[in-house]
Amino acid sequence: MSKILQVKDLELSFHTFAGEVKAIRGVNFDLNKGETLAIVGESGSGKSVTTKSIMRLLPESSSEFKNGEILFDGKDLTKLPEREMQKIRGKDISMIFQDPMTSLNPTMTIGKQIMEPILKHQKVSKAKARKVAIELLNMVGIPNAENRYKMYPHQFSGGQRQRIVIATALACNPQILIADEPTTALDVTIQAQILELMKDIQKKIDTSIIFITHDLGVVANVADRVAVMYGGMIVEIGTVDEIFYNPQHPYTWGLLSSMPSMDVNEEKLYAIPGTPPDLLNPPKGDAFALRSEYALKIDMEQPPPFFRVSDTHYAATWLLHPQAPQVEPPSGIIERMRTFPGSRYYEATGGRA
């Protein structure tokens, strides 16, 4: 697969009255053409900041790239002047935000809002832009699009508004589509419809998607690969099956254990103890160590490097060091690992759960 986006050693800080918040601390990942990469983690882990830094949507007065590169189409986006970014934003890289009502302008018809990026980035007439906008509304499932094209956002339901936001983001056939928790504000039934819509659209226009979410249940249905973020860093990355059925980082164990499941008979759902680290004063060692029952002495002193689990799977935990003691993950995680060829639990049982 060819790489369409490369994020290398990215470091970004916010300058606040309290001091420097080191929000992104050495993030590395690639996005391949035509794939969906999900970035997951708790609120405050750095997911949205990472993607907004790709779009250069963070205020320059309070944010600063401290190190690293964001490479797209042979250009480092961290170094581009704003005028150059305006040519890329909305045309080559588009974004779907979390709340459709605040993403849409209540004073403009939806047709005008979808036409706006088409007229800005493509040399077409208003009649052609209008035709494209109606086609997009039909593609995202808005019924009677020709007539509803002239309506305002408040005249649509929440799910329909999110479809309109998706249509606007797709107006110029972007190479990369960033979806920042696009289903959080919707009910479960509409969530499923929007996710199905995004998968269908990806097949039609062959775009690459970065999907931001804290809902691991959503990830299983949409992602090809998953990056787990914590404390402004990626702590584990792999294919969706590797992350779900052979997780290696204690934080990933915690996230998966806290997922509701029809198979679990526990009265209480597992909750990760403690709170995320204060990035005004980031921890010296492993950022998750103070919340982890599996922490080693070295976790308090040195941040772990990435250890290779497979060609596609890497995790930053000292538990993967050859000299580390072998620990038993939570029972629910062991049950998952028993179904994954290559895990030590699968080998021990011959694949029998």
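How do β6 and strand β7 pair, and over how many bridges?

1. β6 and strand β7 (residues 176–180) run in the parallel sense and share four bridges. Two strands pair if DSSP finds at least two bridges between them. I96 is the residue facing A179 in β7. Helices (H or I, at least four residues) and strands (E, at least two) are DSSP runs, numbered from the N terminus.

2. A word on provenance. This is a predicted model, where local features need pLDDT of at least 70 and side-chain atom pairs count only at pLDDT 80 or more, while totals for chains, interfaces and linings use all residues. Residues are numbered from 1 along each chain as its sequence is written, and side-chain values use heavy atoms, with hydrogens and water left out.

3. Back to strand β6 (residues 93–96), which is covered on both faces: I93 and M95 are buried on one side, S94 and I96 on the other. Buried means under 20% relative accessible area, exposed over 50%, partly exposed in between (1.4 Å probe, protein chains only).

4. Now the whole sheet. It is open, has eight strands in the order β6-β7-β8-β3-β9-β10-β12-β11, and its pairing is mixed. At the edges sit β6 and β11 (307–310), each pairing on one side only. On average, neighbouring strands are turned by 20 degrees against each other, direction ignored.

5. The axes of helix α4 (residues 110–121) and helix α7 (residues 158–169) come within 8 Å and cross at roughly 25 degrees, so α4 and α7 are roughly parallel to each other. For the terms: axes are lines fitted to C-alpha atoms, for helices over the stretch in contact, and angles run from 0 to 180 degrees between N-to-C directions; under 35 degrees counts as roughly parallel, over 145 as roughly antiparallel, 65 to 115 as roughly perpendicular and the rest as oblique. I110, Q113, I114 and P117 of α4 meet I164, A167 and T168 of α7. Contact means heavy atoms within 4.5 Å.

6. I164 turns up again in the largest nonpolar core, where, of 36 residues, I96, L136, L137, I164, I166, M198 and F211 touch the most other members. Such a core is a set of buried Ala, Val, Leu, Ile, Met, Phe, Trp, Tyr and Cys residues joined through side-chain atoms within 4.5 Å. α5 gives the most to this core, with six residues. Leaving aside neighbours within four places in sequence, I164 is in contact with L104, I110, I114, L137, I142 and F156.

7. In helix α1 (residues 47–55), seven of the nine residues are buried, so α1 is largely enclosed by the rest of the structure. One of them, T50, has a relative accessible area of 0% and touches I24, V27, F29 and M229, not counting residues up to four places away in sequence. R56 follows α1 with a positive phi, near 60 degrees.

8. Helix α11 (residues 250–257) is likewise largely enclosed, because seven of its eight residues are buried. Those buried residues pack against α9 (216–222), β9 (225–230), β10 (233–239), α10 (240–245) and α12 (331–337).
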